[in-house]
Amino acid sequence: MEFDERLERAIGRGERARAAKGRQQADKTLSEEDLKNNHLKARLDLSEHIEACLRKLADYFPGFRFQTLVGEDGWGAKISRDDFQGGRREAENRYSRIELVVRPFRSTPIVEVAGKATVRNKEIFHRNHFQFLSDLDLESFRELIDLWVLEYAEKFAAEN
(Lines give C-alpha, C1' and ligand atoms only; values in the text may rest on other atoms or scores of the structure.)
Protein backbone atom coordinates (compact mmCIF):
# COMPACT_ATOMS: atom_id res chain seq x y z
CA MET A 1 0.00 0.00 0.00
CA GLU A 2 1.28 3.39 -0.99
CA PHE A 3 1.79 6.24 1.44
CA ASP A 4 -0.90 8.32 -0.28
CA GLU A 5 -3.52 5.59 0.27
CA ARG A 6 -2.57 5.19 3.92
CA LEU A 7 -2.71 8.95 4.37
CA GLU A 8 -6.21 9.12 2.85
CA ARG A 9 -7.42 6.28 5.11
CA ALA A 10 -5.97 7.95 8.20
CA ILE A 11 -7.69 11.22 7.30
CA GLY A 12 -10.97 9.32 6.72
CA ARG A 13 -10.70 7.63 10.14
CA GLY A 14 -10.07 11.00 11.77
CA GLU A 15 -13.09 12.56 10.06
CA ARG A 16 -15.31 9.65 11.12
CA ALA A 17 -14.05 9.94 14.72
CA ARG A 18 -14.79 13.68 14.71
CA ALA A 19 -18.31 13.06 13.36
CA ALA A 20 -18.96 10.37 15.99
CA LYS A 21 -17.74 12.70 18.75
CA GLY A 22 -20.04 15.43 17.43
CA ARG A 23 -23.02 13.05 17.53
CA GLN A 24 -22.18 12.09 21.11
CA GLN A 25 -22.01 15.76 22.11
CA ALA A 26 -25.36 16.43 20.43
CA ASP A 27 -26.89 13.46 22.27
CA LYS A 28 -25.49 14.73 25.57
CA THR A 29 -26.76 18.25 25.00
CA LEU A 30 -30.32 18.19 26.20
CA SER A 31 -33.01 20.66 25.38
CA GLU A 32 -34.30 23.00 28.10
CA GLU A 33 -37.50 20.98 28.33
CA ASP A 34 -35.57 17.72 28.73
CA LEU A 35 -33.49 19.30 31.51
CA LYS A 36 -36.61 20.47 33.34
CA ASN A 37 -38.21 17.02 33.03
CA ASN A 38 -35.07 15.29 34.30
CA HIS A 39 -34.88 17.74 37.22
CA LEU A 40 -38.55 17.13 38.02
CA LYS A 41 -38.05 13.36 38.13
CA ALA A 42 -34.97 13.70 40.33
CA ARG A 43 -36.72 16.18 42.62
CA LEU A 44 -39.70 13.86 43.12
CA ASP A 45 -37.49 10.86 43.83
CA LEU A 46 -35.21 12.70 46.25
CA SER A 47 -37.98 14.56 48.08
CA GLU A 48 -39.80 11.24 48.67
CA HIS A 49 -36.58 9.79 50.05
CA ILE A 50 -36.10 12.81 52.32
CA GLU A 51 -39.65 12.47 53.64
CA ALA A 52 -39.22 8.75 54.32
CA CYS A 53 -35.93 9.26 56.19
CA LEU A 54 -37.21 12.12 58.33
CA ARG A 55 -40.45 10.28 59.19
CA LYS A 56 -38.38 7.32 60.40
CA LEU A 57 -36.14 9.61 62.43
CA ALA A 58 -39.18 11.26 64.05
CA ASP A 59 -40.48 7.80 64.99
CA TYR A 60 -37.29 7.09 66.93
CA PHE A 61 -37.38 10.36 68.85
CA PRO A 62 -40.88 11.16 70.12
CA GLY A 63 -41.78 14.83 70.25
CA PHE A 64 -40.63 15.78 66.76
CA ARG A 65 -43.18 17.39 64.47
CA PHE A 66 -42.95 16.37 60.82
CA GLN A 67 -43.66 18.91 58.08
CA THR A 68 -43.56 18.56 54.30
CA LEU A 69 -41.91 21.56 52.61
CA VAL A 70 -43.02 22.87 49.23
CA GLY A 71 -42.15 26.37 48.13
CA GLU A 72 -39.73 28.77 46.49
CA ASP A 73 -36.81 27.36 48.47
CA GLY A 74 -37.45 23.80 47.35
CA TRP A 75 -39.24 20.54 48.07
CA GLY A 76 -38.49 18.27 50.98
CA ALA A 77 -39.31 17.96 54.65
CA LYS A 78 -38.30 18.98 58.13
CA ILE A 79 -38.78 17.74 61.65
CA SER A 80 -38.52 19.97 64.68
CA ARG A 81 -39.16 20.03 68.40
CA ASP A 82 -38.98 22.43 71.32
CA ASP A 83 -37.64 21.13 74.62
CA PHE A 84 -38.37 23.10 77.75
CA GLN A 85 -35.63 22.82 80.35
CA GLY A 86 -36.35 24.28 83.76
CA GLY A 87 -33.81 24.76 86.44
CA ARG A 88 -32.99 26.75 89.51
CA ARG A 89 -32.04 29.86 87.60
CA GLU A 90 -34.05 30.35 84.43
CA ALA A 91 -36.22 28.19 82.27
CA GLU A 92 -34.76 27.65 78.82
CA ASN A 93 -36.30 26.61 75.53
CA ARG A 94 -34.09 24.33 73.43
CA TYR A 95 -34.88 24.04 69.74
CA SER A 96 -33.90 21.07 67.54
CA ARG A 97 -34.59 20.56 63.85
CA ILE A 98 -33.36 19.09 60.60
CA GLU A 99 -34.52 20.37 57.23
CA LEU A 100 -33.62 18.86 53.86
CA VAL A 101 -34.83 20.27 50.53
CA VAL A 102 -34.24 19.78 46.83
CA ARG A 103 -33.76 23.22 45.28
CA PRO A 104 -35.93 24.24 42.29
CA PHE A 105 -34.72 24.19 38.70
CA ARG A 106 -32.73 27.27 37.75
CA SER A 107 -30.70 28.36 34.74
CA THR A 108 -27.77 26.12 35.71
CA PRO A 109 -28.63 22.48 34.87
CA ILE A 110 -28.01 20.99 38.32
CA VAL A 111 -29.85 19.10 41.03
CA GLU A 112 -29.08 20.56 44.44
CA VAL A 113 -29.94 19.32 47.91
CA ALA A 114 -29.64 21.69 50.87
CA GLY A 115 -29.65 20.70 54.53
CA LYS A 116 -29.76 22.56 57.83
CA ALA A 117 -29.63 20.98 61.25
CA THR A 118 -29.72 22.24 64.82
CA VAL A 119 -29.60 20.26 68.07
CA ARG A 120 -30.58 22.05 71.27
CA ASN A 121 -29.90 25.52 69.82
CA LYS A 122 -26.50 24.52 68.35
CA GLU A 123 -26.09 24.42 64.59
CA ILE A 124 -24.81 21.01 63.53
CA PHE A 125 -24.55 21.64 59.79
CA HIS A 126 -25.66 23.88 56.96
CA ARG A 127 -24.77 22.19 53.67
CA ASN A 128 -25.44 22.14 49.95
CA HIS A 129 -24.57 19.40 47.50
CA PHE A 130 -25.18 19.40 43.76
CA GLN A 131 -24.62 17.38 40.62
CA PHE A 132 -25.00 18.39 37.00
CA LEU A 133 -28.03 16.85 35.33
CA SER A 134 -25.81 15.34 32.64
CA ASP A 135 -23.87 13.39 35.32
CA LEU A 136 -26.74 12.76 37.74
CA ASP A 137 -26.42 9.77 40.08
CA LEU A 138 -29.54 9.52 42.25
CA GLU A 139 -28.15 6.66 44.32
CA SER A 140 -25.24 8.80 45.53
CA PHE A 141 -27.73 11.55 46.46
CA ARG A 142 -29.82 9.04 48.45
CA GLU A 143 -26.71 7.83 50.26
CA LEU A 144 -25.74 11.42 51.06
CA ILE A 145 -29.21 12.15 52.46
CA ASP A 146 -28.95 8.99 54.56
CA LEU A 147 -25.57 10.11 55.90
CA TRP A 148 -26.87 13.56 56.84
CA VAL A 149 -29.87 12.06 58.67
CA LEU A 150 -27.69 9.49 60.45
CA GLU A 151 -25.23 12.19 61.50
CA TYR A 152 -28.10 14.22 62.90
CA ALA A 153 -29.53 11.23 64.76
CA GLU A 154 -26.17 10.54 66.36
CA LYS A 155 -25.70 14.15 67.46
CA PHE A 156 -29.26 14.42 68.78
CA ALA A 157 -28.94 11.15 70.73
CA ALA A 158 -25.65 12.32 72.23
CA GLU A 159 -27.18 15.61 73.42
CA ASN A 160 -30.33 14.12 74.96
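Start by selecting Lys 78 in your viewer. Leaving out residues up to four places away in sequence, Lys 78 touches Leu 54, Arg 65, Phe 66, Gln 67, Leu 69, Ile 98 and Glu 99. You will find Lys 78 in strand 2. Keep in mind throughout the tour that this is a predicted model.

Stay with Lys 78 for a moment. Which side chain of opposite charge is nearest to Lys 78? Glu 99 is, at 4.7 Å. Lys 78 is buried and yet has no salt bridge. A salt bridge needs a side-chain nitrogen of Lys or Arg within 4 Å of a carboxyl oxygen of Asp or Glu.

**Zoom out to the whole chain**

Now show the whole chain as a cartoon. How many helices and strands does the protein chain have? There are three helices and five strands. Follow the elements from the N terminus and you will read α-α-β-β-β-β-β-α.

Next, turn the model around and look at its outline. The C-alpha atoms fill a box of roughly 100 × 30 × 25 Å along the principal axes. The radius of gyration of the chain is 25 Å, while a compact globule of 160 residues would have one near 15 Å.

Of the 160 residues, 34% count as buried. Contacts tell you about the fold too: among those between residues at least 6 apart in sequence, 51% join residues at least 24 apart.

The chain carries 28 positive and 30 negative side chains. The centres of these two sets lie 4 Å apart.

**Salt bridges, stop by stop**

The structure holds six salt bridges, and we will visit some of them.

Select Arg 142 and Asp 45. Their side chains meet in a salt bridge, with 2.9 Å from N to O. Where in the chain do Arg 142 and Asp 45 sit? Arg 142 is in helix 3 (residues 138–159) and Asp 45 is in helix 2 (residues 32–60), so the pair links distant parts of the chain, 97 residues apart. Asp 45 counts as partly exposed because its relative accessibility is 26%.

Show Asp 82 with it: the two side chains meet in a salt bridge of 3.8 Å, N to O. Arg 65 belongs to strand 1 (residues 65–71) and Asp 82 to strand 2 (residues 74–85), so this pair ties together parts that are 17 residues apart in sequence. Arg 65 counts as partly exposed, with 42% relative accessibility, and Asp 82 is partly exposed with a relative accessible area of 42%.

Now select Glu 151 and Arg 127. They form a salt bridge whose closest N and O atoms are 2.9 Å apart. Glu 151 is in helix 3 and Arg 127 in strand 5, a link between distant parts of the chain that are 24 residues apart. Are these two residues buried or partly exposed? Glu 151 is partly exposed at 25% relative accessibility, and Arg 127 is partly exposed at 26%.

**Along helix 3**

Select Ala 153, which lies in helix 3. Ala 153 counts as buried because its relative accessibility is 18%, and buried means under 20%. Leaving aside neighbours within four places in sequence, Ala 153 is in contact with Leu 57 and Phe 61. For a sense of distance, draw a line from Ala 153 to Lys 21: their C-alpha atoms are separated by 48 Å, and the two residues are 132 apart along the chain.

**Last stop: a loop**

Finish at the loop between strand 4 (110–119) and strand 5 (122–132), where you will find Arg 120. Asn 121 is also placed in the loop between these strands. Most residues other than glycine have a negative phi. What is the phi of Arg 120? It is near 50 degrees, a positive value in a residue other than glycine. Asn 121 is not a glycine either, and its phi is positive at about 70 degrees.

Arg 120 counts as buried at 14% relative accessibility, whereas Asn 121 counts as partly exposed at 42%.

Definitions and conventions: Residues are numbered from 1 along each chain as its sequence is written. This is a predicted model: local features need pLDDT of at least 70, side-chain atom pairs count only at pLDDT 80 or more; totals for chains, interfaces and linings use all residues. Side-chain values use heavy atoms; hydrogens and water are left out. Helices (H or I, at least four residues) and strands (E, at least two) are DSSP runs, numbered from the N terminus. Buried means under 20% relative accessible area, exposed over 50%, partly exposed in between (1.4 Å probe, protein chains only). The radius of gyration is taken over C-alpha atoms; the globule rule is 2.2 Å times the number of residues to the power 0.38. Contact means heavy atoms within 4.5 Å. Lys and Arg count as positive and Asp and Glu as negative; His and the chain ends are not counted. The place of a charge is taken as NZ of Lys, CZ of Arg, CG of Asp or CD of Glu.
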